[in-house]
Amino acid sequence: MDESTNKGLESKGSDAEIRKRSIVHAIRQGGYRSKMKLRPKLNDSYAGSSIIRRMVVKGYDTSPPTPREDVEEALRTHFASRGIYLIHADVPVDYETRALCSHAFIYVYEEYEAEALMLEGSDMGRGRILEIMSYPFEDHHLDHVFPPTNPSDDMLQRTLDITFDTSLDEDDVDKMLLEYLPDSGIMVFSKGSALVVIFGLDTMVTALKLSGTSVRGSKIAVKTVLPIKLVRCGLSSAARFSLGKKAKTCSMFKTTD
């Protein structure tokens, strides 16, 4: 990568272009109080299409015993330092060997896709050079490099930060999500946004693919997928009921601290 390109990449990492962190405080009716730190929020300019693009990266540290969560956070930090927000980073794990896959998925809004591709050849540290390519949801030519999905992944819970029309109340959002993500449940609701709990990798991918579309006349945007770790909080009986039978086997929600 030449000097002019390096300077261009560094200029994108200014504080003005990197989103600020925020904390959500909300009380679900009949439920519990929640306080949790989210990923850096998007600037208002994000509200273009809200369409999400999938990409594949390799070249990050996979040496044991590097935790999956550390690699995902390193990817988010690396791209954010260049002003590129990752909605989600997903490093697959071979559940037989526990080894990290050499390829990972990252998800960005479509307006960031070209900029993300410009980080091809960038150094994540210690000489680890990234390779980056677009990998549309309908593309499957790299499926063979990813380990098989573990059956237990269907029970793995994830939390999405979703935005929608501010005129909708919680009942309207419940109905909308029933169509959008049938196996989901609202964990925290506030005007115009909600933290939504889903189960399974396929459901998460469905949510990301549908971001930017209109459901029951309201545009939905997935802002972030919260990392699955660290803080736990209990569910009210109402919230547990909303999650259906699957919630009986998963009683903890994990998010960033």
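# Close-up views of a predicted model

**Figure 1. The lining of the largest pocket.** The residues that line the largest pocket divide into twelve nonpolar, three polar and eight charged. The model shown here and in the views that follow is predicted. The pocket holds about 490 Å³ of space. Its lining comprises 23 residues, and those nearest the centre are Asp 90, Phe 105, Phe 146, Thr 149 and Leu 201. Strand E5 and helix H5 (201–210) each supply at least two residues of this lining. The largest share, five residues, comes from H5.

**Figure 2. Helix H5 and the residue just after it.** Within H5, the buried residues include Thr 203, Met 204, Val 205, Ala 207 and Leu 208. Leu 208 is also among the residues with the most contacts inside the largest nonpolar core. Just after the helix, Gly 212 takes a positive phi of about 95°.

**Figure 3. The second largest pocket.** About 350 Å³ of space lies in the second largest pocket. Of the 20 residues that line this pocket, Arg 68, Glu 69, Glu 72, Val 93 and Tyr 95 lie nearest its centre. Helix H2, strand E4 (88–90) and strand E12 (221–226) each contribute at least two lining residues, and the largest share, four residues, is that of H2. By residue class, the lining divides into ten nonpolar, two polar and eight charged residues.

**Figure 4. Helix H3 and the elements packed against it.** Helix H3 spans residues 110–117, and its buried residues are Tyr 112, Glu 113 and Ala 116. Seen down the axis of H3, these buried residues fall within an arc of 125°, so they line one face of the helix. They pack against strand E3 (52–58), helix H2 (68–80), strand E5 (103–109) and strand E6 (131–134).

**Figure 5. The nonpolar cores.** The largest nonpolar core has 55 residues, and those with the most contacts inside it are Leu 75, Phe 79, Ile 162, Tyr 180 and Leu 208. Strand E5 provides the largest share of this core, six residues. A second, separate core has five residues, among them Met 187, Val 188, Leu 195 and Phe 199. For the protein chain as a whole, 46% of the 257 residues count as buried.

**Figure 6. The surroundings of Ile 162.** When neighbours within four places in sequence are left aside, Ile 162 is in contact with Tyr 180, Leu 181, Gly 192, Ser 193, Ala 194, Val 196, Ile 220, Ala 221 and Val 222. In the protein chain, residues 24 or more positions apart account for 69% of the contacts with a separation of 6 or more.

Figure 7. The loop between E3 and H2 contains Pro 65, and the peptide bond from Pro 64 to Pro 65 is cis, with omega near 5°. In the loop between E4 and E5 lies Arg 98; phi of Arg 98 is near 65°, a positive value in a residue other than glycine. Arg 98 counts as exposed because its relative accessibility is 55%, and the cut-off for exposed is over 50%. Arg 126 is located in the loop between H3 and E6. Although Arg 126 is not a glycine, this residue has a positive phi of about 60°. With a relative accessibility of 78%, Arg 126 likewise counts as exposed.

Methods
Residues are numbered from 1 along each chain as its sequence is written. This is a predicted model: local features need pLDDT of at least 70, side-chain atom pairs count only at pLDDT 80 or more; totals for chains, interfaces and linings use all residues. Side-chain values use heavy atoms; hydrogens and water are left out. Buried means under 20% relative accessible area, exposed over 50%, partly exposed in between (1.4 Å probe, protein chains only). The arc is that of the directions from the helix axis to the C-beta atoms. Contact means heavy atoms within 4.5 Å. On a 1 Å grid over the protein atoms alone, a cavity is a set of points where a 1.4 Å probe fits but cannot get out, and a pocket is an open set with protein on both sides within 12 Å along at least five of seven lines; lining residues have an atom within 4 Å of a point. Grid points are joined across faces, edges and corners, and a volume is the space filled by probe spheres set on the points. Ala, Val, Leu, Ile, Met, Phe, Trp, Tyr, Cys and Pro count as nonpolar, Asp, Glu, Lys and Arg as charged, and the others, Gly among them, as polar. A nonpolar core is a set of buried Ala, Val, Leu, Ile, Met, Phe, Trp, Tyr and Cys residues joined through side-chain atoms within 4.5 Å.
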